[in-house]
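Open your viewer and get ready to click along. We will go from stop to stop, selecting a few residues each time.

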Amino acid sequence: MTRWANVIGTGGYLPESIRSNRDLSQMVDTTDEWIYERTGIKNRHIAADHETASSMAEIAARQAIEMANIDPQQIDLIIVATGTPDRVYPSTACLLQQRLGVRNCVGFDIQAACSGSVFGLSIADQYIRTGFAKTVLIVGTEICSRIIDWSDRSTCILFGDGAGAVLLSASEQPGILATHIHSDGGYEDLLYCPNPQAAAAAGQNEAGHIHMRGNEVFKVAVNTLGRIVDETLEANDLQQSDIDWLVPHQANTRIIAATAKKLGMDMEQVILTLENQGNTSSASVLLAFNEGIRDGRILRGHTVLMEAFGAGFTWGSALLKY
Ligand code: UT7
């Protein structure tokens with residue numbers, strides 16, 4: 001008997017403070033028009049000083065637990081995807097476990113940059129299929145604003161802060177149908193964030209800021225996401241028309257539109273959060289999924305394709321029946 005990973009709850013958190021394109025145009029040489037035309041972004045949320053990846057994760061996780069209406073003690077695995085952990089260790093997953101007061105579970109972080117949520121879903125799916133775990137909490141949580149060079153107009157306009165969560169439970173009914181994940185370290189120089197301590201030890205003076213060769217990343221992202229769509233449809237014997245919703249990583253509307261076109265979808269079938277959230281890295285797919293479910297667009301029985309692309313490069317898809 002197949003054990004499927006079913007979605008039983010979702011949650012999302014965005015910090016209160018909003019930074020608009022107009023705000024950014026006071027900080028660097030840019031305009032609202034340029035940013036919106038090239039990216040689709042108008043606003044992004046910025047965490048307050050007291051907030052951390054784990055504090056935001058807790059709010060998103062508690063929403064998912066409430067929606068699922070379960071006792072948090074049932075959670076037996078917590079996976080947190082983040083590139084901006086509170087501490088090098090303990091893992092943000094352990095900090096979240098403590099915040100939630102969940103005792104009998106295991107927690108660990110994963111680092112797959114913007115693909116973190118999709119990688120997390122893939123890992124959780126394997127653990128549920130093998131019977132190792134029954135109830136799994138996955139959270140993507142990022143304070144990108146703390147690793148941005150706010151004087152670099154090519155990156156500071158793109159990113160925002162937030163956390164997205166999903167709770168999965170073992171079931172005999174179909175849930176996650178398949179995941180496909182990949183990485184290729186050959187592209188490390190196109191998108192990276194140095195570890196300043198490690199850099200200093202190696203005699204380099206590098207701040208811990210995001211560096212990106214945006215135009216080159218853009219081209220690889222469009223091609224790679226096109227290939228992951230083909231791979232996912234072929235491997236699961238699906239037609240484009242079998243997919244009800246595309247829930248993409250929110251990096252750039254033009255990249256998302258290219259993926260939707262590849263699926264023969266119009267943009268009404270795409271959950272877009274980019275305009276008012278920017279790119280929240282590993283949180284973006286789960287934030288969009290949560291929004292689509294809570295506003296009633298994604299309904300039980302719908303087939304959802306999630307996809308993401310990020311530093312590494314890492315990329316992947318998660319196909320699920322909600
Ligand atoms: O989430 C992980 C994956 N990340 C992505 O997928 C991001 C992929 N990349 C992108 O989304 C786009 O490449 C960007 C939005 C980052 C940039 O858009 P672009 O159309 O690729 O622009 P570009 O980098 O080729 O730059 C075009 C021009 C340049 O000026 P010149 O050399 O043509 O005179 C830039 O200096 O735009 C200039 N520019 C800006 N102008 C106004 C770059 N940033 C800005 C800015 N405001 N903020």
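The tour below visits some strands, a helix residue and the ligand.

**Before you start.** This is a predicted model, where local features need pLDDT of at least 70, side-chain atom pairs count only at pLDDT 80 or more, and totals for chains, interfaces and linings use all residues. Residues are numbered from 1 along each chain as its sequence is written, and side-chain values use heavy atoms, with hydrogens and water left out.

**Stop 1: strand E1.** Select residues 4–13. Helices (H or I, at least four residues) and strands (E, at least two) are DSSP runs, numbered from the N terminus. Nine of the ten residues of E1 are buried, so the strand is largely enclosed by the rest of the structure. Buried means under 20% relative accessible area, exposed over 50%, and partly exposed in between (1.4 Å probe, protein chains only).

**Stop 2: strand E7.** Two strands pair if DSSP finds at least two bridges between them. Click Asn6 and then Ser169 in E7, its bridge partner.

**Stop 3: strand E6.** Select residues 135–143: nine of the nine residues here are buried. Thr135, Leu137, Val139, Thr141 and Ile143 lie on one side, with Val136, Ile138, Gly140 and Glu142 on the other. E6 pairs with E7 in the antiparallel sense over nine bridges, and Gly140 has Gly164 of E7 as its bridge partner. With strand E4 (residues 77–81), E6 pairs in the parallel sense over five bridges; look for Ile79 opposite Ile138.

**Stop 4: Asn21.** This residue lies in helix H1 (residues 21–25). Is Asn21 buried or exposed? At 1% relative accessibility, Asn21 counts as buried. A polar atom of the Asn21 side chain lies 2.8 Å from the backbone oxygen of Ile41. A polar contact is a pair of N or O atoms within 3.5 Å; within protein, one must be able to donate a hydrogen and the other to accept it, and residues adjacent in sequence count only if both atoms are side-chain atoms.

**Stop 5: the ligand.** Which helix gives the most to the shell around the ligand? H8 does, with four residues; select residues 214–235 to see this helix.

- Gly214: a polar backbone atom is 3.0 Å from a ligand nitrogen.
- His249: a polar side-chain atom lies 2.9 Å from a ligand oxygen.
- Asn279: a side-chain N or O atom is 2.7 Å from a ligand oxygen.
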